[in-house]
Amino acid sequence: MEEPRYLQADCTFRPGAHTVRMTLARTALRVEVEAHGTADLWKGEFDAAFIEDLTRRTGNFKQFGIFCSMLESALMQNSESVSLELLTYADLETLRSRKVGAVARPPPSTSSLLSTKRYLILVYSVEFDRIHYPLPLPYAGQADLAMLVRELRGELAQLRAWHLEETQHLRDACTANRFSSTLQLAEAKVLEQRLQQQVKSLTAELASYRRGRQMSASRAPHPQEQCSASLEVQKNRLGHPFLRSPSPAGSHLPRFDPTAFVRARQQRQKEAELRK
């Protein structure tokens, strides 16, 4: 504990709610206890020699640094083995009498300074015993109103600083989220543009394919022309014209030749395959 540490916490003791303040230094300890209802104040300052002698008399010696760490844990309530109690002198005498098995002494008169003292007890619970370390706190009158105002202002300043820090943290988080959303929107727009370009390219390719098919169809001969051409080829191959039979109207029609018909059909198929 090279630098002093200031701790404060509200504790509920048997007399009621109190505020406990501690200042922990390397070789000194300061304790203040304030009653909420009456603003009565008890305070005490202890050096390392006093604390170590106090612990030695209880039969469970603790070094000053260890004792301060135990006191801090009891105030912050982060350990089940240590706790705090606030007793009067009469309460302390009763506790001592029960521990040694003796008859309790009569309480001191109201005019005695002991009756105005309070004892902040650090209770250390071990496996089969409970050790009590009493810190005597003389009565210091009622708390100074100006000091209370200063403390409240200090707490208010701390709350404001914490509020500003949290607000800035939330703003930074919102800014980060907004930046991520903007980035995602830009990526989506780029992807949309790429898809549109692909659609245009495919549309142009399809139109070109259709135009190619139309041109091929226009260059292809008419079925009647194909038939006439096939007949002429077949005629030339056979070396003589088809035989014609007389018709009632005087016109001559070719006689049907099955072999020539089959050959002509095969020729048309070959020509169609060559065009493909």
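Me: How many bridges join β5 to β6, and which way do the two run?
Reply: Strand β5 (residues 82-87) is joined to β6 by 6 bridges, and the two run antiparallel; strands here are DSSP runs of E of at least two residues, and helices are runs of H or I of at least four, numbered from the N terminus. Within that pairing, E85 has I121 in β6 as its bridge partner. This is a predicted model, in which local features need pLDDT of at least 70 and side-chain atom pairs count only at pLDDT 80 or more, while totals for chains, interfaces and linings use all residues. Residues are numbered from 1 along each chain as its sequence is written, and side-chain values use heavy atoms, with hydrogens and water left out.

Me: Switching to the open sheet, what is the strand order?
Reply: The order of the 5 strands is β1-β2-β3-β4-β8, with antiparallel pairing; two strands pair if DSSP finds at least two bridges between them. The edges are β1 (5-13) and β8 (139-142), each with a single partner strand, so one side of each is left without a neighbour in the sheet.

Me: Which helix lies across β3 and β4?
Reply: That is α1 (residues 48-57), which runs at about 95 degrees to β4 (40-47); axes are lines fitted to C-alpha atoms, for helices over the stretch in contact, and angles run from 0 to 180 degrees between N-to-C directions. Helix α2 (residues 64-76) packs on the sheet as well, touching β1, β2, β3 and β4, with contact meaning heavy atoms within 4.5 Å.

Me: Which element has the lowest mean pLDDT?
Reply: Strand β9 (residues 244-246) does, at 48, whereas α1 has the highest, at 96; pLDDT is the predictor's confidence in each residue, from 0 to 100. Over residues 237-245 the pLDDT is below 50, although this stretch has 19 contacts in the model beyond near neighbours in sequence. Where pLDDT is low, the predicted coordinates should not be read in detail.
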